[in-house]
Amino acid sequence: MQKKLTVGSLIEGKQNNIHIENAIVEKKTVEKQEKRKTKEVEKKSIEIEQHGRRYEVQPEQNVSVLEQALNQKVPIDYKCKKGSCGKCEVTIVSGHGMLSKRTDEEIAKLTEPTHRLACQAVFQQYY
Ligand code: FES
């Protein structure tokens with residue numbers, strides 16, 4: 001944000017105040033933006049269910065639900081990580097919109113539209 005210069009503000013001695021005020025305004029703006037981003041990321045997560053247990057997984061762009069869940073110590077069953085065994089099948093309770101489209105392996109293996117293979121579902125967008 002630029003501060004308007006006035007005749008009074010050009011008087012020697014006031015210059016430093018303008019720089020300080022500008023720095024304060026910029027710092028506050030950056031802090032607000034960071035706070036907003038943090039809130040958005042905190043709010044966004046997907047909820048998955050496997051074997052009757054529900055877990056929340058925080059998104060990470062271009063990372064699979066399985067990898068992200070494992071990174072967050074979420075105990076999901078899995079085996080091949082290639083989309084062939086079907087062991088990582090989960091129900092997406094909320095957050096479908098943040099995930100990639102179903103892969104051919106998922107279409108072939110899964111009958112329920114809310115089910116995904118955690119190793120094949122990739123976070124695409126979370127902000
Ligand atoms: S781990 Fe085998 S299909 Fe996902």
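A disulfide was assigned to a pair of cysteine sulfur atoms within 2.5 Å. By this rule the count comes to 0 disulfides. Cys 88 is buried (under 20% relative accessible area; exposed is over 50% and partly exposed in between, with a 1.4 Å probe and protein chains only), at a relative accessible area of 3%. Cys 119 is likewise buried, with a value of 12%.

The structure is a predicted model, in which local features need pLDDT of at least 70 and side-chain atom pairs count only at pLDDT 80 or more, while totals for chains, interfaces and linings use all residues. Residues are numbered from 1 along each chain as its sequence is written, and side-chain values use heavy atoms, with hydrogens and water left out. The mean pLDDT (the predictor's confidence in each residue, from 0 to 100) of the protein chain is 84, and 75% of its residues reach 70 or more. Helices (H or I, at least four residues) and strands (E, at least two) are DSSP runs, numbered from the N terminus. Among these elements, the lowest mean pLDDT, 66, belongs to helix α1 (residues 15-43), and the highest, 98, to strand β4 (residues 115-117).

Strands were taken as paired if DSSP finds at least two bridges between them. Strand β1 (residues 46-50) and strand β3 (residues 89-94) run antiparallel and are joined by 3 bridges; Glu 47 has Ser 94 in β3 as its bridge partner. Strand β3 also runs antiparallel to β4, again with 3 bridges, and here Glu 89 is partnered by Leu 117 of β4.

Salt bridges (a side-chain nitrogen of Lys or Arg within 4 Å of a carboxyl oxygen of Asp or Glu) number 4. In one of them, the side chains of Arg 116 and Glu 106 meet at 2.7 Å, N to O. This pair links distant parts of the chain, with Arg 116 in strand β4 and Glu 106 in helix α3 (residues 104-109), 10 residues apart. Both Arg 116 and Glu 106 are buried. Elsewhere, salt bridges that share partners join Glu 47, Glu 49 and Arg 54 into one network.

Glu 67 is partly exposed at 29%, as is Lys 81 at 39%.
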